[in-house]
Amino acid sequence: MRLDVVSIFPDYLRVLELSLIGRAATDGLLDLHVHDLRDWTRDRHRTVDDTPIGGGAGMVMKPDVWGAALDDVLAAPLPAAPAPGNVKDAPAPPPGARPAEPRRVLVIPTPSGDLFTQRTAEDLAGAAQLVFACGRYEGIDARVAEYYAAHGVEVREASIGDYVLNGGEAAALVMIEAIARLRPGVLGNPDSIVEESHTGAGLLEYPVYTRPVAWRGRDLSTEQPVLLSGDHARIARHRRDQAITRTAVRRPDLVAGIDTALLDAGDRVALARNGWVAPAGGSHPVPLVIRPAREPDLDALADLAARTFPDACPSFLTADQVAAHIAANLSPQRLATWLEDPRVVLTVAELPDGLPALTCDGAAAEPLPRGALVGYSAVLAELPDADGALPVGLDPRPRAVTVPDDADGAGLAVELSKVYVDARLRGSGIAAVLLAEAICDADTLGATVLWLGTNDANRRAQKAYRRVGFRRAGTRTYDVGGQQCRDVVMVVDPRGSQQA
Ligand code: SAM
């Protein structure tokens, strides 16, 4: 790659002789040329600027001087780009095809340009020649960029950030470093650029640590023991989760731009834990809020409950049986009773910005409005009230569920009565987050065991419960609209989950 930098302060660019970029130039991986713009002036004073046409403060850099300089620099001889037939795995060129023109790009640093990002760096790293035109004063006469763009030169007016520098040299140095380190051979270890901030899915990098393991009261062996486990898959997952959390906290704008096709199931769960949901078929994550249900939610919640319950039912149940169960157990009145009962924790998953229309399993799905509810859970404590009555809708505790005593010799069973997610958001991580919340809620209620029943045939749900720590304890029969169904009973010890 040939790099040309044109400036009125060529000495400013001496730092290019240092460090990895300097070594790459010495090794011939980069062909660096720094030019003094004043070499193209024709007057005694070597003038490069003049007053603004139309008046105003400051000086503007002259187009005639820049034109003379750039004409020369952009005409520098370059080695021809390899013809397609010479590139490994590329199809053979048609007979008589000319070698492709090497790609030359004129980069004009300016605070009013397009934002220079890692994507820009990746793109420009493929060019054969980059020419940086470093402005000073109020910048370069606007006709310069327009002229070269109109005459077939690829021109990039690029800003390195929303602030104003005195000149383009510092901006050019930033861009050159970001671009050059992506060229083969420039970095000692090419793997270092694979997992960095802004690469791949566009996340920030996870926090990094080195020895000593314990330093000034911070001991990684207790804070993050997984990092010392030697289990590479678990370490990779842990780091990826941390990268997602850090990006969600520091740069929510980056999360909103993530291409969801680059996310795996674990990423989706980590995103959901951090307030974002990446629906299947959606192109970008959308905000997610997990919160306690409130009175105004009741109608939408009953609607969601009625919509999601049939998804978990075995196929032998008739529509009438399912409808009878919903009418008896999932009405707005039942949900209102739960809302008022302190022994019940009703949680909802809400999309505050809604969801754009998208394709779900190949079928177009309607958009969801702002504030749409897409998931919920209900946790019911087996605590009698003053009259000795248990919460309405609490299922009889199956014999398979044993209730361990706590330190005071008292135990409490809590039922995870409901956890449902809208079918189009399946696999988005919402269920995992609702489950984690439910386990914490059970802990808050003082439970020594959290139990649930789920249809025997619903392997998908059982797998999701196992992933958050539930284990199979036995079976029960469960009545749905008069039909007896066989359920698997699962349990988890929720104690200490609030601290986890
Ligand atoms: N009058 C210009 C404006 O308000 O947009 C600012 C000119 S600035 C003082 C002088 C030169 O610094 C620019 O021509 C450009 O080369 C460089 N520069 C300043 N801020 C920059 C940024 N954020 N990104 C890239 N180049 C910048």
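Me: What does the side chain of serine 417 make a polar contact with?
Reply: In this predicted model, the partner is the side chain of lysine 418, at 3.3 Å.

Me: Where is the place of serine 417?
Reply: Serine 417 sits in strand E17.

Me: Is serine 417 buried or exposed?
Reply: Serine 417 is buried, because its relative accessible area is 12% and the limit for that class is under 20%.

Me: Which residues does it touch, leaving out those up to four places away in sequence?
Reply: With those set aside, serine 417 touches Trp338, Ala378 and Leu380.

Me: Now the sheet. What is the order of the 7 strands in the open sheet?
Reply: The order is E12-E13-E16-E17-E18-E20-E19, and the pairing is mixed. Strand E12 (289–292) and strand E19 (471–480) are at the edges with a single partner strand each, so one side of each has no neighbour in the sheet. From one strand to the next, the twist averages 25 degrees.

Me: How many bridges pair E19 and E20, and in which sense?
Reply: There are 9 bridges between E19 and strand E20 (residues 483–492), in the antiparallel sense. Valine 480 is opposite glutamine 483 in E20.

Me: Which helix packs on the sheet, touching E13, E16 and E17?
Reply: That is helix H10 (residues 298–308), whose contacts are with strand E13 (344–351), strand E16 (372–381) and strand E17 (413–421). The direction of H10 makes about 85 degrees with that of E16.

Me: And which strands does helix H13 lie across?
Reply: Helix H13 (residues 430–445) lies across E12, E13, E16, E17, strand E18 (449–455) and E20. Relative to E17, H13 runs at about 160 degrees.

Me: Take alanine 436 next: in which helix does it lie?
Reply: Alanine 436 belongs to helix H13. This residue is partly exposed, because its relative accessible area is 37% and that class falls between 20% and 50%. The C-alpha atoms of alanine 436 and glycine 469 are separated by 9.5 Å, with the two residues 33 residues apart along the chain.

Me: Back to E20. What does valine 492 touch?
Reply: Valine 492, which is in strand E20, touches Ile439, Val449, Leu450, Gly469 and Phe470, not counting residues up to four places away in sequence. Valine 492 is buried, with a relative accessible area of 11%. Its C-alpha atom is separated by 6.5 Å from that of arginine 471, 21 residues apart along the chain.

Me: Let us change topic. Which of the 18 residues around the ligand come nearest?
Reply: Pro109, Glu138, Gly161, Tyr163 and Leu165 come nearest.

Me: Which ligand atoms lie by the backbone of proline 109 and of glycine 161?
Reply: For proline 109, an oxygen atom of the ligand lies 2.9 Å from a backbone N or O atom. For glycine 161, a nitrogen atom of the ligand lies 3.1 Å from a backbone N or O atom. Leucine 165 also has a polar backbone atom 2.9 Å from a nitrogen atom of the ligand.

Me: What is the order of the 5 strands in the parallel sheet?
Reply: The order is E2-E1-E6-E5-E7, in an open sheet. Strand E2 (31–36) and strand E7 (154–159) each have a single partner strand, so one side of each of these edge strands is left without a neighbour in the sheet. The twist averages 25 degrees from one strand to the next.

Me: How many bridges join E5 to E7?
Reply: Strand E5 (residues 104–115) is joined to E7 by 7 bridges, and the two run parallel. Leucine 106 has valine 155 in E7 as its bridge partner. Helix H2 (residues 63–73) packs on the sheet, touching strand E1 (2–7), E2, E5 and strand E6 (129–133), and its direction makes about 165 degrees with that of E6.

Me: Last one: how many residues of H5 are buried, and what covers them?
Reply: In H5, 10 of its 13 residues are buried, among them Gly168, Glu169 and Leu173. The cover includes E1, helix H1 (19–26), E5, helix H3 (118–124), E6 and E7.

Definitions and conventions:
Residues are numbered from 1 along each chain as its sequence is written. This is a predicted model: local features need pLDDT of at least 70, side-chain atom pairs count only at pLDDT 80 or more; totals for chains, interfaces and linings use all residues. Side-chain values use heavy atoms; hydrogens and water are left out. Two strands pair if DSSP finds at least two bridges between them. Helices (H or I, at least four residues) and strands (E, at least two) are DSSP runs, numbered from the N terminus. Axes are lines fitted to C-alpha atoms, for helices over the stretch in contact, and angles run from 0 to 180 degrees between N-to-C directions. Contact means heavy atoms within 4.5 Å. A residue is near a molecule or strand if one of its heavy atoms lies within 4 Å of it. A polar contact is a pair of N or O atoms within 3.5 Å; within protein, one must be able to donate a hydrogen and the other to accept it, and residues adjacent in sequence count only if both atoms are side-chain atoms. Buried means under 20% relative accessible area, exposed over 50%, partly exposed in between (1.4 Å probe, protein chains only).
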